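The stops below go from salt bridges to aromatic rings, and then to a loop and a surface patch.

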Amino acid sequence: MLGASRRSLSAAVRSCVCAHQSWPALLASPHHSLFPSAQNSVWEHESRYLPSSFRLFSILSASKASQLGLSAALNSNLVGRQYESTATAIDSSDGIPPAEKFEYQAEVSRLMDLIVHSLYSNKEVFLRELISNASDALDKLRYLSVTQPELLKDAVDLNIRIQTDKDNGIITLTDSGIGMTRQELVDCLGTIAQSGTAKFFKALKDSKEAGADSNLIGQFGVGFYSAFLVADKVVVSTKSPKSDRQFVWEGEANANSYTIREETDQDKLIPRGTRITLYLKRDDKGFAHPERIENLIKNYSQFVSFPIYTWKEKGFTKEVEIDEEPTEAQKDAEEDGNVEKKKKTKKVIEKYWDWELINETQPIWLRSPKDVTTDDYNEFYKKTFNEYVDPLASSHFTTEGEVEFRSILFVPAVKKEDMLNNKTKNIRLYVKRVFISDDFDGELFPRYLSFVKGVVDSNDLPLNVSREILQESRIVRIMRKRLVRKAFDMILGISLSENRDDYDKFWDNFGKFLKLGCIEDHPNHKRIAPLLRFFSSQSEEELISLDEYVESMKQDQKDIYYIASDSLTSAKNAPFLEKLSQKDFEVLFLVDPMDELAIQNLKSYKEKNFVDISKEDLDLGDKDEEKEKEIKQEFIQTCDWIKKRLGEKVASVQISNRLSSSPCVLVSGKFGWSANMERLMKAQTLGDTSSLEFMRSRRVFEINPEHPIIKNLKVASKSYPDDPDALRAIDLLYETALISSGFTPDNPGELGGKIYEMMGMALGGRWGETSQANYHDSPSQSTPFHTTEPLEAEIVHPVEAAEQK
């Protein structure tokens with residue numbers, strides 16, 4: 001039965017091969033030299049030619065699938081290699097052939113290609129990875145030496161040394177760490193994603209010896225292979241204090257094998273540790289320049305716990321004698337013995353090579369804030385972020401609990417141009433003092449706080465396998481929340497300082513960012529609102545806060561009033577303010593394009609609603625319902641008449657309770673755009689014209705029943721509703737209200753013609769010949785204008801006038 005099953009399986013495999021002619025050639029790559037050889041079973045022979053998706057299914061369906069490491073996980077897109085199964089056949093009582101379990105290892109050559117071309121986005125991180133691994137080796141030695149002091153007998157100093165040969169494109173990195181035995185070379189460098197650091201760290205935890213300082217860096221297992229980003233060949237020479245022999249591992253990029261041999265050259269022996277030699281690719285030999293290496297160390301590994309030395313060319317100045325042919329006069333003087341011969345010298349620079357310390361082993365954020373002065377913070381800020389002006393404020397803090405990290409944040413004194421449109425690199429992320437990246441787009445800070453600069457150092461931040469991409473997780477969200485909170489506390493401290501100029505400077509530079517935060521970040525409205533500043537009807541020269549507005553509110557004032565306009569002049573002269581000015585209610589002037597959107601998103605502050613005084617249904621808290629009802633009844637016919645004339649231009653005509661001196665005003669609907677918002681939306685390149693038309697239709701025409709013009713129109717609406725002059729007066733009134741209310745007339749030319757016509761009627765003949773004669777006959781008249789108060793206008797019908805004649 002088993003033979004039949006094997007034959008049927010063989011037939012099935014052959015059918016798959018027919019359907020996938022390209023698979024045998026794709027999958028037939030040699031075994032790695034260190035991989036266990038496969039047995040000659042029928043299943044092993046046939047499965048070699050199965051599609052990888054078919055073989056991967058057999059892995060994922062096995063009970064041991066969850067036990068596979070990163071190698072098996074990465075194998076999902078790669079071709080695997082098979083080795084001997086450790087599982088036994090399982091008997092089946094229902095006649096089904098027994099199943100065998102197999103495990104796969106990823107082909108090193110293909111996985112290495114993935115690492116070189118996919119995991120890392122920047123070649124220069126190879127040095128960061130190698131230094132981090134060296135730091136791990138030193139850390140491991142330091143821990144083990146506590147209980148095994150004999151491990152330090154060969155060399156006490158714990159350091160990292162980097163030497164370059166720019167002519168030949170060679171970089172050599174040497175550490176005096178724990179080193180590796182031959183078997184550890186095979187385990188750590190022969191199998192990708194095998195992390196010696198992770199194993200050691202787990203052993204420390206299991207034995208309860210891991211303290212708060214168990215801070216090993218490299219726990220990813222692929223950092224070493226980043227060397228092949230820039231190198232064609234890598235040679236690793238290592239000596240463990242647990243072994244008397246030194247071994248050399250040698251591998252090349254895109255190779256399926258590597259070699260391990262014992263070091264026999266006496267000149268290359270090291271007392272303890274590891275020496276990694278990179279033979280750079282032709283296009284990457286620029287990395288072998290000492291200056292380039294020094295810059296990479298300062299950028300990525302400046303704060304590694306152990307000293308990093310580079311082999312650097314130095315020089316000192318000394319004086320040397322120079323030979324100079326004497327002149328004839330000097331020769332004669334020397335022969336006479338009157339002048340003593342003086343030797344001439346010149347200064348030259350004597351060059352030599354020596355080791356130089358590059359990194360600082362104690363980052364400022366690891367020190368206690370009590371031990372750091374303001375000058376220290378300012379110096380660190382200028383040096384780290386390439387600034388020349390001291391920051392306005394700084395915040396140095398440590399968070400503990402479920403998420404632990406240290407951070408220093410700064411508020412700049414000067415704004416960089418176009419910060420909102422470009423990705424900023426203001427937050428430098430470190431993981432265990434190793435620089436990871438400064439290229440974030442909202443992960444650690446929201447975009448509207450992108451002006452805040454600082455460093456963040458975490459011990460347990462979740463990173464991907466290449467350490468370059470910050471992954472979304474609960475820890476990241478908690479970090480972001482705490483960083484934002486500290487940033488707001490820092491800005492609030494500036495606003496509460498005695499020096500008001502500091503916050504004025506901050507608001508000029510970064511006020512727009514906070515307004516953007518009102519739009520984007522609803523959970524932090526309570527933190528943003530106290531930081532906002534506006535002009536008002538009672539403070540046109542100096543910006544005020546919302547707290548100051550609330551403190552000065554009248555006792556009978558319920559809401560926070562505002563009006564949006566394009567300038568202070570148009571805001572303070574708007575007709576909407578007339579009744580509020582009489583009641584001495586303060587009105588905020590929103591003159592910045594972002595102000596109105598920010599206030600609309602806030603909605604309220606300290607239980608006080610924001611109210612736009614240019615919108616309908618304005619309640620000033622002084623309503624007299626009986627009186628309003630009487631006025632509405634009195635002017636109902638006038639309102640209907642005006643609405644009939646204006647048609648779809650307005651949604652309705654109502655009696656106004658906000659006017660005192662103006663005859664009328666055009667207000668926006670409760671849910672429509674204000675005049676300022678309409679103007680802004682019209683200016684948008686990709687604005688939606690359909691929504692613009694809809695929002696415009698919500699305009700409400702409000703009239704002042706106490707104004708003489710409205711009273712005259714009331715008479716006209718009852719007695720002469722079809723009079724052309726009265727209808728033209730309505731049109732002109734509406735067009736004038738458009739302008740005074742901040743709207744733009746649909747036809748400015750037509751409006752201009754109406755005004756000229758009215759001027760012609762009012763001024764007709766005033767300065768003509770007849771008027772000039774009358775003027776000269778009355779020399780006591782000092783001006784051609786009437787100085788008496790104008791009488792109330794009365795509309796006289798032409799037919800009625802003819803009958804009177």
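The structure holds 27 salt bridges, a salt bridge being a side-chain nitrogen of Lys or Arg within 4 Å of a carboxyl oxygen of Asp or Glu. This is a predicted model, in which local features need pLDDT of at least 70 and side-chain atom pairs count only at pLDDT 80 or more, while totals for chains, interfaces and linings use all residues. Residues are numbered from 1 along each chain as its sequence is written, and side-chain values use heavy atoms, with hydrogens and water left out.

**Salt bridges**

Select K312 and E294: their closest N and O atoms are 3.1 Å apart in a salt bridge. The pair links distant parts of the chain, with K312 in strand β9 (residues 308-322) and E294 in helix α10 (residues 290-300), 18 residues apart. Helices (H or I, at least four residues) and strands (E, at least two) are DSSP runs, numbered from the N terminus. K312 counts as partly exposed because its relative accessibility is 23%, whereas E294 is buried at 11%. Here buried means under 20% relative accessible area, exposed over 50%, and partly exposed in between (1.4 Å probe, protein chains only).

Next, select D592 and K512, whose side chains meet in a salt bridge of 2.7 Å, N to O. D592 is in the loop between β19 (587-590) and α19 (595-602), K512 is in helix α14 (residues 500-520), and 80 residues separate them. D592 is buried, at 17% relative accessibility; K512 is partly exposed, at 39%.

Then select D595 and K515, another salt bridge, with the closest N and O atoms 2.7 Å apart. This pair joins helix α19, which holds D595, to helix α14, which holds K515, across 80 residues. Both D595 and K515 are buried. Salt bridges with shared partners also join E294, K298, K312 and E356 into one network.

**Aromatic rings**

Rings of Phe, Tyr and Trp (its six-membered ring) pair if their centres lie within 6.5 Å; planes under 30 degrees apart count as stacked, over 60 as edge-to-face and the rest as tilted. By this rule there are 25 aromatic pairs.

One of them is F224 with Y225, edge-to-face at 5.3 Å centre to centre and 80° between the planes. F224 also pairs edge-to-face with W249, at 5.4 Å and 80°. W249 is buried, at 2% relative accessibility.

Return to F435: the charged end of R428 sits over its ring, 4.1 Å from the centre. For such a case, NZ of Lys or CZ of Arg is within 6 Å of the ring centre and within 35 degrees of the ring normal. R161 lies over the face of Y309, 4.5 Å from the ring centre.

**A loop and a surface patch**

Select P369, in the loop between β10 (344-357) and α12 (374-385). P369 is partly exposed, at 42%. Leaving aside neighbours within four places in sequence, P369 is in contact (heavy atoms within 4.5 Å) with Y377 and H396.

Finish at L763 in helix α26 (residues 748-763). L763 is partly exposed, at 32% relative accessibility.
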